[in-house]
Amino acid sequence: MRAMLLLALASAGPYFVEEGQRAGLNDIFVCGDEHQKNYIVETLGTGVAFLDFDNDGLLDIFAVTASKLEGFAAGKEPINRLYRNKGDRTFEDVTKKAGVAKAGWGQGVCTGDIDNDGFVDLYVTYWGADVMYRNRGDGTFEDVTPPSKGPHWGTGCAFVDFDRDGKLDLMVASYVDFDLKNTPRPDGPKACQWKDEKVMCGPQGLRPALNQLWHNESTPGRVRFVDVSKKAGIEAPGPRYGLSVTTLDYDHDGWPDIYVAVDSQASLLYHNKHDGTFEETALESGVALSEDGREQAGMGTAVADYDGDGWPDLVKTNFIDDLPNLYRNNRDGSFSEATVQAGLGLHSQFLGWGAAFVDYDNDGWPDIFLVNGHVYPGVKSGDYRQQRLLYRNGGLGKFSDLSKEAGAAVMEKSSARGLAVGDYDNDGRADLLISNMNDRLSLLHNTATAGQSLTLRLIGQKTNRSGIGAVARLRVGQRTLTAEVRSGSTFLSQSDFRLQFGLGASTEAQAVEVQWPGGALETIGVLKAGQIVTITEGKGVTGVTRYGK
Amino acid sequence: MNLLLLAMALAAPDCGKHFAAGMDAYQRKNPAEALIALRAAIQCDPKMVQAHLVIANLHAERGNGAEALGALLEVLRIEPNNVLALRAGSNLYLRNGLHTKALPLLETLVVAAPDSVDAHADLAGVYAAGGKREAAEKGFRRALELQPDYFPALAGLGNLLARAGDNDAAMPLLRRAVQVLPAAYEGHFLLGSALNRLGQFDEARAELELASTSSGQNEPQVFYQLARAFGGLSMAPERKAALAKFSALTKQEKDNIELQRKAAAWIDEARLLLQAGDLETAAARLELAREAKPNDPTLLFRLAGLNFDLQRIDVAREYVQAAISISPATWLYHYLLGLVEQNANRLTDARASLEVAAKLQPTEAPVFNALGQVLLAQGERAEAVAAFETAVKLAPADPAFRQNLESAKPRR
């Protein structure tokens with residue numbers, strides 16, 4: 001019966017249409033030389049974010065740029081961009097007006113309301129010195145970067161209230177303790193090789209770096225973050241080639257844990273010990289390595305309950321000649337790799353970066369979207385520009401590759417890196433934002449004839465205002481749909497905080513409950529499909545907007 | 001490589017004299033002499049593939065893969081479809097993980113030898129490693145048509161299909177592989193891994209325990225899979241122990257890699273110390289590097305040279321002899337051994353080594369100069385003069401060689 005229902009919902013493609021240029025996203029985002037990567041800093045690309053910085057209910061875009069090693073003439077340097085959503089599926093560049101026009105070797109971005117003033121703030125990682133921007137609430141930002149431990153190579157980041165004090169803390173991954181002067185080039189005497197071709201070196205052979213955890217000790221009117229990396233046990237596993245950061249309460253103990261995808265080494269799972277410290281448990285939990293026990297080149301990560309059992313599962317992208325990992329939560333503190341059984345063992349010819357669970361067809365089962373692209377532009381043994389991948393979740397723990405049916409926008413080849421999910425036109429269908437190496441952004445507008453959906457915007461009161469860490473559960477027929485608000489994740493990027501639930505053919509969720517980060521459970525009654533519902537901690541539903549309004 | 005009989009049978013008659021001498025020396029286990037004769041055979045007939053093949057064999061037997069490969073590639077330049085060279089060359093590449101280099105050789109080999117079961121299986125393995133699943137499956141199936149119980153093809157195809165989620169087709173192949181070669185840990189490991197994927201943890205555990213107690217006892221991935229099986233069976237202490245073993249073996253592997261990296265750094269450091277004239281410390285760094293690379297002939301040669309300069313003659317001899325045993329065709333090593341023996345006043349040995357060096361590299365003036373000195377010390381004035389004359393002819397601008405020649409000439 002359910003299979004028939006799903007079939008009925010499935011529509012002919014295309015499911016996504018490229019709208020970047022139509023939307024006014026014409027800037028080029030730079031990361032090193034376009035044709036020749038001499039150093040590893042030129043390969044990671046940059047991140048993107050969907051955020052509503054002006055609280056007008058429309059998703060805006062923040063996009064990070066890196067630079068080129070030879071530099072740019074003064075005044076010509078590429079800068080990070082903030083694009084304001086005009087409400088007609090187009091965007092305007094408000095970078096300078098907002099005060100975020102910064103050049104440098106930008107990498108990743110994550111968002112969260114660090115001072116609980118109701119306006120989302122920004123953190124941008126750099127090869128250099130990271131930057132924290134506080135949103136003043138008037139369309140402008142101020143630099144409130146905490147005193148750093150010195151330049152590093154920051155990559156992924158995520159805001160998380162790890163000690164549940166109601167204030168968002170910050171986890172930042174670090175990649176390589178990079179020494180440009182002493183790193184061999186492909187055209188030099190100590191060139192590195194990949195498949196018999198001379199390529200840039202790293203990360204293996206370069207010094208890995210230490211991840212950072214910053215505790216939010218802000219007081220009204222004063223933003224203050226203190227480095228607690230060592231004290232909290234974040235440094236205990238030693239330096240790693242850390243990339244993306246995602247947060248999840250994988251063991252349902254009510255405390256947020258942190259997963260870091262690591263390149264060329266074992267990935268890290270920091271289990272929250274409830275006392276302000278973490279214990280690294282990735283190996284024991286089964287999420288450190290490949291199914292064969294091999295270290296992988298972990299890039300991007302995403303979390304969702306793909307099998308509908310109420311527990312968060314993980315997906316991670318990896319290097320070429322490898323598969324992504326789908327780690328199914330065993331509900332006992334461990335995971336089992338389900339990649340092949342789930343149908344994700346089809347393609348090893350792609351080098352994966354951004355990853356997201358996105359229920360593109362609103363059938364209530366999170367699908368998987370992955371973006372790809374090589375790190376070596378000129379190699380003969382792999383395409384630098386690669387297609388994207390859409391795996392549809394069939395609902396029985398099995399995915400099928402629907403990339404071709406999804407349309408030209410999905411099959412388009414680019415050297416993609418960052419990926420963010422958000423419904424930028426508020427039509428109840430999840431859209432996708434992709435950063436491409438030395439290219440324009442791709443904005444994939446979701447055009448699927450999809451099922452019903454319901455979007456929840458969660459606002460914390462005692463807990464952090466962004467609702468990060470809050471879990472919503474919806475009863476839809478016989479099923480319970482579960483999703484968590486999180487910062488960071490994918491690759492160097494930030495998706496919308498709002499939780500969008502596909503309801504299939506159902507026109508309502510029969511019951512909704514929200515578990516706030518402190519553990520408080522708030523029960524909401526029936527909620528109709530086709531709307532964006534704001535739920536404020538302790539106050540229930542405080543706002544409703546129909547889709548398209 | 002079993003190339004010798006064929007090589008002997010195919011030797012070109014005109015140049016067969018040199019080739020026969022080379023084979024004779026080879027059978028007497030005198031690699032340096034064999035190489036000299038075989039090179040003479042090649043000089044006589046540059047297209048004598050059998051001589052190149054024996055040279056490749058000689059190098060391969062001593063673990064000198066690069067030189068063996070050089071000889072095999074020469075064969076393939078002459079005869080692009082030479083099955084022996086294609087097979088041996090691809091094996092050498094595969095052994096070093098160079099799949100992309102092995103690929104064209106194997107693709108040629110399956111055409112040149114279409115009934116070669118190992119060629120089809122090896123090619124399929126390369127395709128599988130490169131993500132070319134359909135081609136890999138076709139190759140493994142062809143190998144199984146030729147030999148239904150060929151273990152590498154059973155295991156390779158079973159693993160390929162299991163990884164694609166086709167368990168119905170994979171499991172019988174993996175089970176058959178285990179029956180065909182029960183002593184090989186790979187079969188038990190692959191079957192155990194597939195069973196883990198299927199959630200059949202009891203049987204997975206049994207297979208993986210077999211793998212862990214046989215030749216897979218030092219393979220970390222066996223213990224990782226075993227931990228998965230224990231996890232599935234809720235056997236927490238056993239799972240913990242298997243993970244601990246996995247971690248220990250992985251650490252050991254990493255330590256080895258790190259040691260290799262350090263060895264490279266020590267060699268770099270020794271080079272700088274040498275330039276600064278600190279021979280003692282340089283030698284100490286190279287000694288450290290040798291622990292990581294005990295069979296690296298270049299390193300052994302450098303150590304020999306340093307110890308020679310430090311007048312540690314016995315140590316120098318030991319190192320250079322070790323280098324020669326690995327790479328007997330390198331004239332420089334024989335030259336250094338000649339100098340060492342000359343220094344130790346072991347003139348017969350010095351002469352023998354220098355004569356080998358001179359035959360291997362007849363254009364190096366210092367070799368002939370040293371040979372002249374040794375011959376003179378042995379009282380062989382006429383031969384010494386001839387050697388000095390060769391040195392002067394090769395390096396007419398060198399006054400030392402000229403002076404040695406003048407001194408050696410009989411006085412009127």
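## Contacts of Leu248(A)

Contact here means heavy atoms within 4.5 Å. The structure is a predicted model. With neighbours within four places in sequence set aside, Leu248(A) is in contact with Pro256(A), Asp257(A), Tyr259(A), Leu269(A), Val303(A), Pro312(A), Leu314(A), Phe335(A), Glu484(A) and Arg486(A).

## Nonpolar cores

Leu248(A) also belongs to the largest nonpolar core, which has 99 residues. The members of this core that touch the most other members are Leu248(A), Leu269(A), Val287(A), Leu314(A), Phe335(A) and, from chain B, Phe19(B). Helix H10 of chain B, residues 151–163, gives the most to this core, contributing 8 residues.

## Interface between chains A and B

On the chain A side, 19 residues are in contact with 22 residues of chain B. The area buried between the two chains is about 1800 Å², and carbon and sulfur atoms give 43% of that area. Of the area that chain A buries against chain B, 30% is supplied by Asp196(A), Glu291(A) and Asp292(A), more than by any other three residues.

## Polar and charged pairs

Between chain A and chain B there are 5 salt bridges. Lys254(B) forms a salt bridge with Glu295(A), with the closest N and O atoms 2.4 Å apart. The side of chain A that touches chain B consists of 9 charged, 6 polar and 4 nonpolar residues.

Note on methods. Residues are numbered from 1 along each chain as its sequence is written. Chains are lettered from A and ligands numbered from 1 in the order in which they are written. This is a predicted model: local features need pLDDT of at least 70, side-chain atom pairs count only at pLDDT 80 or more; totals for chains, interfaces and linings use all residues. Side-chain values use heavy atoms; hydrogens and water are left out. Buried area is the accessible area (1.4 Å probe) that two parts lose on being put together, summed over both. A salt bridge is a side-chain nitrogen of Lys or Arg within 4 Å of a carboxyl oxygen of Asp or Glu. Ala, Val, Leu, Ile, Met, Phe, Trp, Tyr, Cys and Pro count as nonpolar, Asp, Glu, Lys and Arg as charged, and the others, Gly among them, as polar. A nonpolar core is a set of buried Ala, Val, Leu, Ile, Met, Phe, Trp, Tyr and Cys residues joined through side-chain atoms within 4.5 Å. Buried means under 20% relative accessible area, exposed over 50%, partly exposed in between (1.4 Å probe, protein chains only). Helices (H or I, at least four residues) and strands (E, at least two) are DSSP runs, numbered from the N terminus.
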